[in-house]
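Biologist: I'm new to this one. Could you show it to me and walk me through a few spots?

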Amino acid sequence: MGGLALLLAVQDSTGSYTQAGFATAVFGIANVVAAPWRARAVDRFGQRIALTAMASGQASGFIALALITEAEGVVDAWFLILSAVIGLASPPLGAAMRMIWASLTTAGDQRTKAFSVDAVCEELLFVAGPVVITAVVVASSPSTGLWVTAAAVSLGTAAMTSSASSRTLRGTGGGAARGDRPLRQPGFARVLIVLLGVGGVLGVAEIAAPAAAAQHDAVAASGWLLAAFAGGSALGGFLYGQLNLKAGIGKRLFALCLGMGFAAVLVSQLDTLGLFAAGLALVGLFLAPSLITGYLIADTVVPESGRTEASTWINTSVNLGASLASAAAGIVIDGSGAWLALLLVGAIALVLAPAVPFTQLRKTEPPAAHALDR
């Protein structure tokens with residue numbers, strides 16, 4: 001809800017999509033840059049203290065932005081400053097939720113199922129959030145959308161951190177030792193490199209869908225194409241949780257990234273919108289399972305004191321790949337069309353897939369998993 005509410009409110013107040021785009025970009029960059037430090041704060045101080053403080057800061061930023069969008073003569077710089085505050089204070093609820101799942105489940109199939117449920121719910125939220133906030137804005141005003149978003153982050157975080165499961169995660173007090181940091185774990189950085197390719201396919205797919213719809217003079221179909229992509233991801237996450245997979249997490253990540261890359265290359269060759277929608281659903285089928293596997297790797301290779309940060313790094317890598325690919329895709333699509341953008345990003349995902357650190361990941365898995373993997 002937050003990004004779209006911010007975009008609509010700033011555009012309505014300034015009358016400029018350029019200013020709104022700058023504000024959205026500042027929000028996104030601040031969110032990504034601060035992500036590791038926010039996660040470390042959760043690992044150190046515990047969920048209740050850290051998440052409540054962050055949610056309060058972000059809600060305050062949304063409210064302040066709502067107030068200035070209704071005022072006159074506001075200097076444009078204030079929109080950027082408050083957008084940065086909102087991004088910097090964004091609580092890592094997804095990573096924190098996965099820590100709760102990990103505390104409630106045993107490693108193996110049970111945790112995989114839990115992470116799958118989590119991934120499917122996130123996909124549904126990414127579909128529903130923009131629809132909800134758009135309805136609020138249309139029914140009232142863009143500033144009301146910011147108030148509603150502030151209420152959502154405050155009440156949602158309070159509900160989560162007041163649960164008994166969250167209260168038990170009180171943090172390490174002194175923070176993670178340098179040796180426990182995710183990026184210091186053998187092979188973890190290579191996992192992030194692989195997931196850059198996954199994020200790249202995600203970013204291009206979200207740009208290619210409306211571009212393909214416009215090319216076929218069916219702009220209204222853009223939403224359906226994106227829904228097919230999100231639906232495929234949700235289905236993939238659900239199926240991944242139901243399968244009793246015997247392969248190690250390294251082989252799984254490799255296979256999923258290869259599948260996503262090949263699917264993107266295949267979709268680039270499809271002409272009709274119906275086939276293109278089916279192809280996007282196929283690409284999406286690999287998205288949630290790739291993320292789930294990334295979270296499982298973070299839960300496996302990183303000591304407990306750094307796992308919230310590790311899960312956040314997984315998200316950061318995918319988001320960075322998506323952002324870089326989206327920027328490049330716009331240029332490629334303007335010059336040659338959506339097909340070339342999908343072909344290139346699919347090829348990049350295939351090239352990055354072999355970076356999976358098979359040996360390091362095999363060492364972190366239980367001996368039983370090694371036997372099954374053979």
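Modeller: Here are some questions and answers on helix packing and on one residue. The model is predicted: local features need pLDDT of at least 70, side-chain atom pairs count only at pLDDT 80 or more, and totals for chains, interfaces and linings use all residues. Residues are numbered from 1 along each chain as its sequence is written, and side-chain values use heavy atoms, with hydrogens and water left out.

Biologist: How do helix 1 and helix 6 run, roughly parallel or roughly antiparallel?

Modeller: The axes of helix 1 (residues 2-14) and helix 6 (residues 109-139) come within 9 Å and cross at roughly 30°. Angles under 35 degrees count as roughly parallel and over 145 as roughly antiparallel. So helix 1 and helix 6 are roughly parallel.

Biologist: Which residues of helix 6 make the contact with helix 1?

Modeller: Contact means heavy atoms within 4.5 Å. On the helix 1 side you'll find Leu4, Ala5 and Leu8, and they meet, on helix 6, Pro130, Ile133, Thr134 and Val137.

Biologist: Is phenylalanine 45 buried, partly exposed or exposed?

Modeller: Phenylalanine 45 is found in helix 2 (residues 17-45). Buried means under 20% relative accessible area, exposed over 50%, and partly exposed in between (1.4 Å probe, protein chains only). With a relative accessible area of 43%, phenylalanine 45 is therefore partly exposed.

Biologist: How many Å apart in space are phenylalanine 45 and threonine 172?

Modeller: Leaving aside neighbours within four places in sequence, phenylalanine 45 touches Arg170 and Gly171. Threonine 172 is 127 residues from phenylalanine 45 in sequence, yet in space, C-alpha to C-alpha, the two are apart by 6.7 Å.

Notes. Axes are lines fitted to C-alpha atoms, for helices over the stretch in contact, and angles run from 0 to 180 degrees between N-to-C directions. Helices (H or I, at least four residues) and strands (E, at least two) are DSSP runs, numbered from the N terminus. Angles under 35 degrees count as roughly parallel, over 145 as roughly antiparallel, 65 to 115 as roughly perpendicular and the rest as oblique.
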